[in-house]
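Reader: I would like to go through this model and ask what stands behind the words used for it.

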Amino acid sequence: MDIGIVGAGIAGLYAALLLRREGHKVTIFEASHRVGGRIYTHRFPSLFEDEDVYYEAGAMRIPRSSLHLRFYQFIRYLNTHVSRQKKLELIPYILEHQNNDFFVRGQKVRLSESDQIKDLDLPENFRGKSARALLAEVITPWIQMLNDDFDKGFEKILEYDEISFRQYLRLVCEWPHVVIDFVELMASQTNQYDLSFAEIIVQNLDFDTKEWTTIRGGMSRLPEAAASLLDRTNLHLNTPITGITELDDGRISLRSFGNPGDSTIFDKVILAIPPAALHNIDDRPLWPFMKQQSIRAAHFEPLYKIGLHFRTRFWEHGARPSFGGQSMTDLRIRWIVYPSNDLGGDGSGVLLLYSWMTDASRWQSIPRKQRVELALDDLQTFFADSSVNIRDQFIAAHDVMWSCENATGDAMFLPGQFSRFGHVAKLQEGNVYFAGEHLSRHHTWMAGAIDSALETVASLLGRQDMAGLGEEYIRPKEGARDEGTVNLCRSISYVIPPHNNLQYVEEAK
Ligand SMILES: Cc1cc2nc3c(=O)[nH]c(=O)nc-3n(C[C@H](O)[C@H](O)[C@H](O)COP(=O)(O)OP(=O)(O)OC[C@H]3O[C@@H](n4cnc5c(N)ncnc54)[C@H](O)[C@@H]3O)c2cc1C
């Protein structure tokens, strides 16, 4: 078959490689000048020879958990097929370091000691417990349920899909508002608890993982490696699709911006683009009412990242050095992420400031120059107890306001949206298929985009037993199981080695 794919994010690239493996012809159209979409490593000019100075403006870390198994399998697939220069090396990502801090209401305490922060007006029976401990009392049974069996656990959490996590804490757990606000401030970002109960539980499941990884040299190396396996003449960058037409014989014609007369016809098409991008293609078939609603209404959470390049890695040199992990604050910058790459290096370094939801959208109305100034001011306040002069250290800034990009952020559904849109948004319309992170049960993760791409290609080819990319190398040994189908693999776990450069993965006991 001749298949057109719109979008060269990880969902589009994964679908393309999968279809190519199955012997089909694929053509990809990408609006931007680069592949990767929300996977985006920004490099700063280096100060010293051989220094590679970067930060992750998009995806940056992957939990070493079976929910992300297909991501690791994909790395294995790429490493088996790409040239030596393109091979990917996974290195540990440090989610939390012992010297990371909370800085709230002008007081600095360790992450495990949020109960030490004074002046919070918590009711007597909620005092003396950290925000984490309070949250754990509520979510641990749900996390346990998902860990035992994700499919069954997800069904169970959907019973509360119509309410937000905040409403659950208020109405079911009977927490006072002040306690909810305290826990949200310390453990999440502003107004995130107004999102669907299911989203917040699944998010906590991911962050419950102890070990994490990232890609040495930057996450963008992943989509670049994937693109290197595709025929470059069939990968069209700077080519936004602006028109989709269903022909009388069922085939699909795609038109691109700047080339309205020039359309290309395909047997089938996969739209691997976020709903906001699809919403902007007005020249397309009018799909059923609830499908249209899902494209219009699926809620995406704003995200804001700013990378600040400093002369030294001063955060690794103080009295309480942070080697990776992140500190949290009630200042505008919210999360300070210390890099996990080049730990202990004596060159320059990049600090990442990261915010979500209302904390992210608050940056939107501020002109860029002022954003950088505010970020530096907040950092100086945070590091006031050290001798660091932030402005002396500062070299350059780069930021991405993801709410202003075509994806508008990451999918984080409002209460009821899993029930309203979860199924209908994925349904094919004639020979038009849909893929992307927002169509999985695992929003905000690359693994979700991969799961969705595999499901979509399996449905397009009518092959429910399709193995994902790289899964072929870790099929159960002969005789261990009948066959390694997609469904069967859900119940099999594998050891993911610390470095994924090994050719094979051992099967777990
Ligand atoms: C700030 C941030 C941090 C994140 N952190 C992590 C993390 O640590 N770990 C993790 O696993 N995930 C993380 N994610 C999520 C992860 O990046 C996404 O889930 C995933 O990359 C989405 O892939 P996708 O292919 O579905 O969509 P996208 O990456 O959005 O790809 C869609 C592509 O379609 C293109 N496009 C749009 N419209 C058109 C058009 N009309 N014609 C042609 N092309 C078009 C876009 O340019 C884009 O390249 C993060 C995301 C963000 C934004």
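Reader: Which residues are closest to the ligand, and how many surround it?

Author: The ligand is surrounded by 37 residues, and the closest are Glu30, Arg38, Arg61, Ile241 and Met446. A residue is near a molecule if one of its heavy atoms lies within 4 Å of it. This is a predicted model, in which local features need pLDDT of at least 70 and side-chain atom pairs count only at pLDDT 80 or more, while totals for chains, interfaces and linings use all residues. Residues are numbered from 1 along each chain as its sequence is written, and side-chain values use heavy atoms, with hydrogens and water left out.

Reader: Why is the ligand said to lie between domain 1 and domain 2?

Author: Domain 1 (2-38 + 220-297 + 417-489) and domain 2 (41-66 + 90-97 + 211-218 + 300-404) both give residues to the shell around the ligand, so the ligand lies between them. The domain bounds come from an automatic or database domain assignment.

Reader: Why is Arg61 called buried?

Author: Buried means under 20% relative accessible area, exposed over 50%, and partly exposed in between (1.4 Å probe, protein chains only). Arg61 has a relative accessible area of 7%, so Arg61 is buried. Arg61 is in the loop between β4 (53-56) and β5 (62-63). UniProt lists Arg61 under "binding site" in an unreviewed entry; its annotations may be inferred rather than shown by experiment.

Reader: Is Asp359 buried or exposed, and what does its side chain reach?

Author: At a relative accessible area of 12%, Asp359 is buried. Asp359 lies in helix α11 (residues 357-361), where a helix is a DSSP run of H or I with at least four residues, and a strand a run of E with at least two, numbered from the N terminus. The side chain of Asp359 reaches the backbone nitrogen of Thr190 at 2.8 Å.

Reader: How do you know that Asp121 is exposed?

Author: The relative accessible area of Asp121 is 66%, so Asp121 counts as exposed. Asp121 also has a positive phi of about 60°, although it is not a glycine. Its place is in the loop between β8 (107-110) and α3 (131-148).

Reader: What makes Asn191 partly exposed?

Author: Asn191 has 31% relative accessibility, and therefore counts as partly exposed. Asn191 lies in the loop between α6 (177-187) and α7. Its phi is near 75°, a positive value in a residue other than glycine.

Definitions and conventions. A polar contact is a pair of N or O atoms within 3.5 Å; within protein, one must be able to donate a hydrogen and the other to accept it, and residues adjacent in sequence count only if both atoms are side-chain atoms.
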